[in-house]
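Here is a short briefing to read alongside your viewer. Have a look at the model first, and then we can walk through it together.

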Number of protein chains: 2
Amino acid sequence: MEKVFASVITIGDELLIGQVIDTNSAWIAQELNKQGILVKHRVAVGDVWQDIWDALDAEQQQADIILITGGLGPTADDITKPLLCEYFGGKMVMHQPTLDHVTNIFENILKRPMIERNRKQAEVPDTCTVLLNERGTAPGMLFEKNGKIFISMPGVPHEMKWIMQHHVLPLVQEKFQGGFVAHRTLLTAGVGESFLAERIKDVESLLPSELKLAYLPNYGMVRLRLTGWSTNKVELNSLIDYHFQQLKDAVQDILITDQDEPVEVAIGKLLKEKGQTVSTAESCTGGYIAHLLTSVAGSSDYYMGSVVSYAYDLKEQLLGVDHEEMAQHGAVSEKVVTQMVKGALANMKTDYAVAVSGIMGPGGGLPDKPVGTVWMAVASKHKVLAKKMHFRFDRKRNIELTATQALLFLRELIVDKT
Amino acid sequence: MEKVFASVITIGDELLIGQVIDTNSAWIAQELNKQGILVKHRVAVGDVWQDIWDALDAEQQQADIILITGGLGPTADDITKPLLCEYFGGKMVMHQPTLDHVTNIFENILKRPMIERNRKQAEVPDTCTVLLNERGTAPGMLFEKNGKIFISMPGVPHEMKWIMQHHVLPLVQEKFQGGFVAHRTLLTAGVGESFLAERIKDVESLLPSELKLAYLPNYGMVRLRLTGWSTNKVELNSLIDYHFQQLKDAVQDILITDQDEPVEVAIGKLLKEKGQTVSTAESCTGGYIAHLLTSVAGSSDYYMGSVVSYAYDLKEQLLGVDHEEMAQHGAVSEKVVTQMVKGALANMKTDYAVAVSGIMGPGGGLPDKPVGTVWMAVASKHKVLAKKMHFRFDRKRNIELTATQALLFLRELIVDKT
């Protein structure tokens, strides 16, 4: 059995001028991977006839399945559909089920009159198989040529995902009984990439050729991913499990989770297991820690709430920070962040709390507290810990790093055996 | 003068299995655009020798400048540097200024012993011009071949950005006095893409061939972007300004901002102008509205804080929601969200407040309040408005949509002339 390869072509000027970040490709790759199909190549082109045409020519040399997103809207800049019509021969015809669906959307959901542009959304090349799009007006389209499969989908992420889940993935599974790809991922914190590499070099040197190890550093953590490909699922799993265990043993003391999950999910699992709760008191992160914790489904079981006290007054009023302490030491200080975390624990009646206060920039720096200075504290009923950190990036990254480091600090307290 | 084209090659298995979302390409495209250089093509390949080699071969057919990110780390999966060494001929040599820099990082910042792997970071092909990387240990490298420029940079976003800003962009500006690209962007809300197209079709049909209009729908809003390219900057600006004004006139009543900025930035400008303040009371969005508002530099001038009341108790205690009302109507109700917004306004002493309460899923739905049901309210000293909305996506998108719609609702109140 041969490996099955896919290429992803994303179409749209907005991708090339940088106005939009492409999140579709990552999702598509993840889903195809689960089916044992490897994305070999990904390419982004503008809404330009020749560039799209060339990409179609080039990608079919590399891949068995070519997934195309974008350029299917009802407006003049969307040229993908007429181009596909010409590329695969044939002429445009009205597709009745799609027209019924579009009509229904306008009559019963949008409750607006339908215009000619909307009707045109239901026209497709007569050389394609239509993949109905329950989530929007532009249908997916499947073409076959030279033994290759081409699938065109809208670029709107939730519409693309719906078509993938309801049409493309089942079809791909049936058509290509591809090999199996397995991934095992773990997350470490506190040791840099090169030191980690040094530490696990024995494990790495013993990896068989079917397995590949990748280092993915981010936010002061390093994710390690082991990937394998095989036609024998059972053998693959046992091989990858064995080597993954070796890897885990080598990083035991710096391991955050042995799943492909962010630290907020790992914390959620710990709290659920213990039946405990957490609250947050945020100044400089402005709600981002709360957002990370509540992005996890089911977080209302253990997450109680947050006081985002951007203003001084609110630190006093909602968290009980002492006015004099704040006047004397400033809001970015050990004293204040400790009072914030105690205030959160007491006022929101949780088992744990985490608090941060800092200066994220670009403005607000002081001679003794430059931009990037952060005090963070974590507390349980038995213990309060505080530490100072310093980040030297832009506002966005400083906020993200502060939130991530605060969550790592919270996790340390939760897993503390003392 | 010819148009100057660029291609971006991103290298890394993590991009192809979907573990990481590529944000570098968008940023690079934005920066090159400002210099009049158009990104024509973007391609992602894995850490695979042949695939990287082929991409280098292919992209130089399309572009004058080839920007390469990723694969420069100190670990075994990083093969970009030896590959470039072979591709451009030459041999690896130690680059003393980089070695000094790496040594300094270890001695004075990390305060850790340096290992051989780290030393190797300072080796480069002798055919390249080194672009010192102040932000990390892997230097940028510039190669020239057949009149094309190839630049390799680390994939870590803040390192790549530093090298771009300090080396690549100045160099590109000097070398290619490219044409000028101009963009004008506006944001509308409340009218779908196809109706918007119908409304502005007269303006669109009168656009000269140098200008191109794109529709970028997202979160229930549509961004319209006008792009032009010319060798004459003055003519280009006056042409694009004229047509942009026509466009603005046609969407006057649904215009959120005539800048390329998100709604939270537009709100910040309004509040600064008026010298007014805002606070938030969030349930289902879990701090995401606060995060959006505080992601804007200088937001502490007008943003006071938020109560993220995930738990029922906190709605009562911190926002003064009535226990009986909540028991009778549930937390997701007009009564409760109205009390929340009033509580925020009073307790955080702001001119405006916004509150949301809803069910984001996947769990928590009720027969009369299915997943996606949201009540939102906005208040000033003179007015309280509430509305119910319904979103039908996944948790992440429901949170994002709720936050965006709440901000649009807040903006409506702020700009209200009554």
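In which sense do strand β14 of chain A and strand β14 of chain B pair, and over how many bridges? The two strands, each spanning residues 303–309, pair in the antiparallel sense over 5 bridges. Please keep in mind that this is a predicted model.

**Confidence**
- Chain A has a mean pLDDT of 92, with 99% of its residues at 70 or more.
- For the complex, the predictor reports an ipTM of 0.83 and a pTM of 0.84.

**Where the chains meet**
- Contacts link 71 residues of chain B with 71 residues of chain A.
- On the chain B side, these comprise 33 nonpolar, 23 polar and 15 charged residues.
- Within the strand pairing, B:Ser306 in β14(B) is opposite A:Val308.

**Domains of chain A**
- The domain assignment divides chain A into domain 1 (5–175), domain 2 (180–257) and domain 3 (263–415).
- Taken over C-alpha atoms, the centres of domain 1 and domain 3 of chain A are 44 Å apart.

**Backbone details worth a look**
- Most peptide bonds are trans, and most residues other than glycine have a negative phi.
- A:Gly361 and A:Pro362 are joined by a cis peptide bond with omega about -5 degrees, and A:Pro362 sits in the loop between β15 (352–358) and β16 (373–380) of chain A.
- In chain B, the bond from B:Gly361 to B:Pro362 is cis too, with omega near 0 degrees.
- A:Asn146, not a glycine, has a positive phi of about 50 degrees; A:Asn146 counts as exposed because it has 5 C-beta neighbours inside 10 Å.
- B:Tyr219 also has a positive phi of about 50 degrees, and its loop runs between β10 (211–218) and β11 (221–230) of chain B.
- B:Tyr219 counts as partly exposed, with 18 C-beta neighbours inside 10 Å.

Definitions and conventions: Residues numbered from 1 in each chain as written. Chains lettered and ligands numbered in written order. Predicted model: local features only at pLDDT ≥ 70, side-chain atom pairs only at ≥ 80, totals over all residues. pLDDT = per-residue confidence, 0-100. Contact = placed C-beta atoms within 7 Å. Nonpolar A, V, L, I, M, F, W, Y, C, P; charged D, E, K, R; others polar. Pairing = 2+ DSSP bridges. Helix = DSSP H or I, 4+ residues; strand = E, 2+ residues; numbered from the N terminus. Domains from an automatic or database assignment. Buried ≥ 20, exposed ≤ 12 C-beta atoms within 10 Å, placed from the backbone.
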